[in-house]
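Work through the exercises below with the model open beside you. Try each task before reading its solution.

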Amino acid sequence: MSKKKIAVLGSTGSIGTQTLDVISRHPDLFEAHTLTAGRNAELLIKQARAFKPDTVVIADDTQYNIVQEALSDLPIKVYAGADAISQVVTSGDIDVVLTAMVGFSGLRPTVEAIKAGKAIALANKETLVVAGAIINRLALDNHVVILPVDSEHSAILQCIVGEASPIRKILLTASGGPFRTFSKEQLLSVTAAQALQHPNWAMGAKITIDSATYMNKGFEMIEAHWLYGIAPEDIEVVVHPESIVHSAVEFEDGAVKAQLGLPDMRLPIAYALSYPQRIAVSEQRLDLFKLGALHFEPADPDRFPCLRLAYESIARGGNAPCVLNAANEIANLAFREGRIGFADVPRIIEETLSKASFVNNPTLDDLFACDAEARSIAQTLF
């Protein structure tokens, strides 16, 4: 495998830092060419000094001088602002763009990277949630491969590689989050601090809350629909508290293939970067004897309505998933900040979906307008 130059969008977040760990373990295979961050200038500077990338971007342009001065002794190009991220991904030197930015902000840079013909390692699921049809069309037109970084979608890919038969059903596993056994009444009083204590995975704050509400699983269902062309009704969410089976695929003959592994995001990151080969990233190995047993149970959309809202949004189509995502970003942050309760998250999303304008075949510009409108509506609901 020839050496690949990687652009890591969101290098200071959970996926970004783990991606850099993978790169550091295989300097013969990967090079960190471009690093971008939202506002964590301090960590971005440390990463730049460690990996010596060609380019860094800090989205928060008020911190440009801090980053530029800290790296002035190194031959690193330093830029600032959200637009700069969309511009640097088009560099002719970059082979793979790993999109680990949080939320809607990852859409435009991913679009520009695809237009530039870059392979995409997709960790920003919101890109496909909001604009799946547009992204798939752009990828096809530009002969671009999109490889998933989410553990579930990586598992699905690993299950279907080499298969000539169509998929009958996707079994999308979910940990159940920290509130898996809570009643509806108990969920009324949970706090953000509790929601941020995920039992299995170390993730960023936004996705950890999404996991607690099951919106993350709803997004992953929509993402799986666009990645693999499977109808939403043929994607079944299966709660699996051990997070060892990362997802499974059922075929026409009744055979089910599953991918198992420890809950370590470096594994799907490495698979996306090295595909179709495999590379070592951890000394730990799955010990089934130590594990002893695996458990599975159905998801409960009554206690966790965000999952139902995701299915309803993709069924409606058009810009509905864009509204879903925008309202969720507003409600998720408000819950983290203690301004609303846990049960208010799906309420705000559902009310926003009922009030926002519907566009059946949205363009990219339509989606940006829809995102702004939905955010504005959601902010009036608490």
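**Exercise 1: Aromatic pairs**

The ring-pair count comes to six aromatic pairs, where rings of Phe, Tyr and Trp (its six-membered ring) pair if their centres lie within 6.5 Å. Planes under 30 degrees apart count as stacked, over 60 as edge-to-face and the rest as tilted.

Task: classify the pair of phenylalanine 104 and phenylalanine 368.

Solution. Start with the geometry: the ring centres of phenylalanine 104 and phenylalanine 368 are 5.1 Å apart and the planes stand at 75°, so the pair is edge-to-face. Phenylalanine 104 sits in the loop between strand S5 (96-99) and helix H5 (107-115), and phenylalanine 368 in helix H17 (residues 364-378), so the pair ties together parts that are 264 residues apart in sequence. Helices (H or I, at least four residues) and strands (E, at least two) are DSSP runs, numbered from the N terminus.

Then check accessibility. Buried means under 20% relative accessible area, exposed over 50%, partly exposed in between (1.4 Å probe, protein chains only). Phenylalanine 104, at 9%, counts as buried. Phenylalanine 368, at 23%, counts as partly exposed.

This is a predicted model: local features need pLDDT of at least 70, side-chain atom pairs count only at pLDDT 80 or more, and totals for chains, interfaces and linings use all residues. Residues are numbered from 1 along each chain as its sequence is written, and side-chain values use heavy atoms, with hydrogens and water left out.

**Exercise 2: A tyrosine pair and a cis bond**

Task: describe the pair of tyrosine 271 and tyrosine 275, then find the peptide bond that joins tyrosine 275 and proline 276.

Solution. The rings of tyrosine 271 and tyrosine 275 have centres 5.6 Å apart and planes at 80°, so this pair is edge-to-face. Tyrosine 271 is buried at 7% relative accessible area. Tyrosine 275 is partly exposed at 28%. Now step along the backbone: tyrosine 275 and proline 276 are joined by a cis peptide bond, with omega about 5°. Proline 276 lies in the loop between helix H12 (266-274) and H13.

**Exercise 3: Positive phi**

Task: histidine 143 and serine 243 each have a positive phi. Which is buried and which is exposed?

Solution. Take histidine 143 first. Its phi is near 55°, in a residue other than glycine. Histidine 143 belongs to the loop between helix H6 (126-141) and strand S7 (146-148). Its relative accessible area is 73%, so histidine 143 is exposed.

Now serine 243. Its phi is also near 55°. Serine 243 is in the loop between strand S9 (235-239) and strand S10 (245-251). At 6% relative accessibility, serine 243 counts as buried.

**Exercise 4: A buried threonine**

Task: what does threonine 352 touch, not counting residues up to four places away in sequence?

Solution. Locate threonine 352 in helix H16 (residues 344-355). Its relative accessible area is 0%, so threonine 352 is buried. List its contacts (heavy atoms within 4.5 Å): Val323, Ala327, Ala374, Ile377, Ala378 and Leu381.

**Exercise 5: The whole chain**

Task: how many helices and strands are there in the chain, and what share of its residues counts as buried?

Solution. The chain has 17 helices and 12 strands. Of its 382 residues, 55% count as buried. Finish with contacts between residues at least 6 apart in sequence: 68% join residues at least 24 apart.
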